[in-house]
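Me: I am new to this structure and would like to understand the terms used to describe it. Could you take me through them with care, setting each value beside the rule behind it?

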Amino acid sequence: MRASTRGGRMRLLIDVVEGDHAAFYGSYGSRTAWRMTSLGSFRSAPDTAEGSRARWRDLHDHAFGRAFEISVSSSSSVAECSALALREARQRGAAQPAEASDHRDRVLRTWLTDSATGEVLDTGLTLAASGLTDGDLVVLCIQHPPRGYYEMAPAPNPAALLERMQLAMNGTAPDEGGRLWGVLLYTTADVELATYVRTHFEDLNALSGPSTRVFVIERQARWPDARKYWREHLEPELYRVLASLRWLRWQPYDPQGAYRIAELLGVDPALLPCLVLFNGRPGLPWGKQKAVFPVEDVTPRYFRTLFGRLAQALDGRPGSGAGPSGIDDEERRPEAGDGPTLLRDLLLRSARDRDEEAFDRVAAAQRAITAALEPGPAPHTGYQLNHCKVILTSGAAMTENFTFNGQNTTFINRPVNTVVQDFQNQHGTAAHSDELRRLLELTLSSTDLSDTDRDEAAQAVHDLATLSEEPDAGPFRLRAERLRELLSGAADIAQPALALITTVVTAVTG
């Protein structure tokens, strides 16, 4: 979530692209794609969640390392923002000075574009009307006269890296042996899995191998809708990177749409999210034979175990280097809501008699594969903590030697981003959640508050998010007053924090 922009100010991250027409050849995201291919961390998928986060942060820093932040009113026009960004870019040395040494250095035109879509922002609109919000990445384009003639190679198409995984007729079968057909089925509620598909796309592609055709069923949404969905669920850095790659134009089906597809496959909705493998033999009644593997754990270990066992059942090995081939735009962009139709067409057109043998092998091994996916019992540690306060000392690492139970278990000195993300997941739809999130960030960043006061203040912010939905404003006022007392003594955050409390209280209680 971002800080509120209603009638206030927003922070925008500005990246500069400057040069003649060649500088604007290809999409903005192609630059991110080039940097991705140059980073060693993207040559193999990470084994841990922290490793995955680290490589995307690394890509973010490489891709947007020269970007700078400006603060601007949400009611400002795009033209005013462009002029401010240009002045700031020149002052910071991110753009050439205003004085042109010769005609080739003069500026032909400047404009702002949406980093996610490449659309030129309308100079007559306000920033809020343009759909921008706090923390967004905007590209300042500065064009100069051409310096020569070019023979330009094609820019990479970063969107195609992910779109090739979408439901489409986009691959050729191996010359020998049968194919195993499957669908990874999930809904908008399974955001962890939808995110994993994007952050571990190369691992999933390699694991499935040339003989297994697994499709991801998502819909291409209107960008405002997709933007809203992903902003609510992704950390800002990851959102910026994936948006610039144009990997967020797709989003999962809502439960109703996903359940319709599940019904078409004859899959109990209770099993979602899941991988459905089916027998596509010609003439077989629709959805008659299938093997369903619920996705119980969204981790590299789970998927490597799953596809590894499937490969063993097929008498082959995953990761042979063959992957889905690219397809034309006309073939790869199903309209929203037509997933079931495309899925049916996919099976009817692609089935071959020899595919039945591949399915029979997997069906025979289904029980063994399912057993391999079940996590082993956790080792007994002797430590069982219920409804406790856990303090992590500076520099300490959390191990797996403790089991924490109860909603009232709290953690002091947890990473700020983790606590804020938890708050966002829990209270993202509450009234004035943006202001409360910012208030929580200030509270956790304060060095003047004691551990005890910081913990109580953080809990008070959570309470305000809950109480803001109640018709009786009395408890809300009392909790806000206690929070005001706690934060008034924190000199490093008191001024902005107290201002936020006043704003929220006024809005909720009138």
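Me: What does the secondary structure of the chain come to?

Reply: In this predicted model, the secondary structure of the chain comes to 18 helices and 14 strands. Of the 510 residues of the chain, 47% count as buried, and the accessible surface comes to about 25200 Å², with 49% of that area belonging to carbon and sulfur atoms. Among contacts between residues at least 6 apart in sequence, 75% join residues at least 24 apart.

Me: Why are strand 2 and strand 3 called the edge strands?

Reply: The sheet in question is open and has 4 strands in the order 2-1-4-3, with mixed pairing. Strand 2 (68-73) and strand 3 (109-114) each pair on one side only, and they are the edge strands for that reason. Neighbouring strands of this sheet are turned by 35° against each other on average, with direction ignored. Helix 3 (residues 78-92) packs on the sheet and touches strand 1, strand 2, strand 3 and strand 4, and its direction makes about 145° with that of strand 2.

Me: What makes strand 5 count as mostly covered?

Reply: A residue is buried when its relative accessible area is under 20%, and 6 of the 6 residues of strand 5 (residues 180-185) are buried. In a regular strand the side chains alternate between the two faces of the sheet. In strand 5, Leu-180, Gly-182 and Leu-184 lie on one side and Trp-181, Val-183 and Leu-185 on the other, and all of them are buried, so both faces are covered.

Me: Which strands are joined to strand 5, and how do they run?

Reply: Strand 5 is joined by 5 bridges to strand 6 (residues 212-216), which runs parallel to it, and by 5 bridges to strand 9, which runs antiparallel to it. The bridge partner of Leu-180 in strand 6 is Thr-212, while the bridge partner of Trp-181 in strand 9 is Phe-278.

Me: Why is Arg-246 called partly exposed?

Reply: The relative accessible area of Arg-246 is 23%, and because buried means under 20% and exposed means over 50%, this value falls in between. Arg-246 is placed in the loop between helix 8 and strand 8 (250-252), and has a positive phi of about 65° although it is not a glycine. Most residues other than glycine have a negative phi, and most peptide bonds are trans.

Me: Where is there a cis peptide bond?

Reply: The peptide bond from Leu-272 to Pro-273 is cis, with omega near -5°. Pro-273 has its place in the loop between helix 9 (255-265) and strand 9 (274-278).

Me: What makes a space a cavity, and how many of 30 Å³ or more are found?

Reply: A cavity is a set of points where a 1.4 Å probe fits but cannot get out, and a search of the whole structure finds 3 of them with 30 Å³ or more.

Notes:
Residues are numbered from 1 along each chain as its sequence is written. This is a predicted model: local features need pLDDT of at least 70, side-chain atom pairs count only at pLDDT 80 or more; totals for chains, interfaces and linings use all residues. Side-chain values use heavy atoms; hydrogens and water are left out. Two strands pair if DSSP finds at least two bridges between them. Helices (H or I, at least four residues) and strands (E, at least two) are DSSP runs, numbered from the N terminus. Axes are lines fitted to C-alpha atoms, for helices over the stretch in contact, and angles run from 0 to 180 degrees between N-to-C directions. Contact means heavy atoms within 4.5 Å. Buried means under 20% relative accessible area, exposed over 50%, partly exposed in between (1.4 Å probe, protein chains only). Accessible areas come from the Shrake-Rupley method with a 1.4 Å probe; for residues, only the protein chains shown count as cover. On a 1 Å grid over the protein atoms alone, a cavity is a set of points where a 1.4 Å probe fits but cannot get out, and a pocket is an open set with protein on both sides within 12 Å along at least five of seven lines; lining residues have an atom within 4 Å of a point. Grid points are joined across faces, edges and corners, and a volume is the space filled by probe spheres set on the points.
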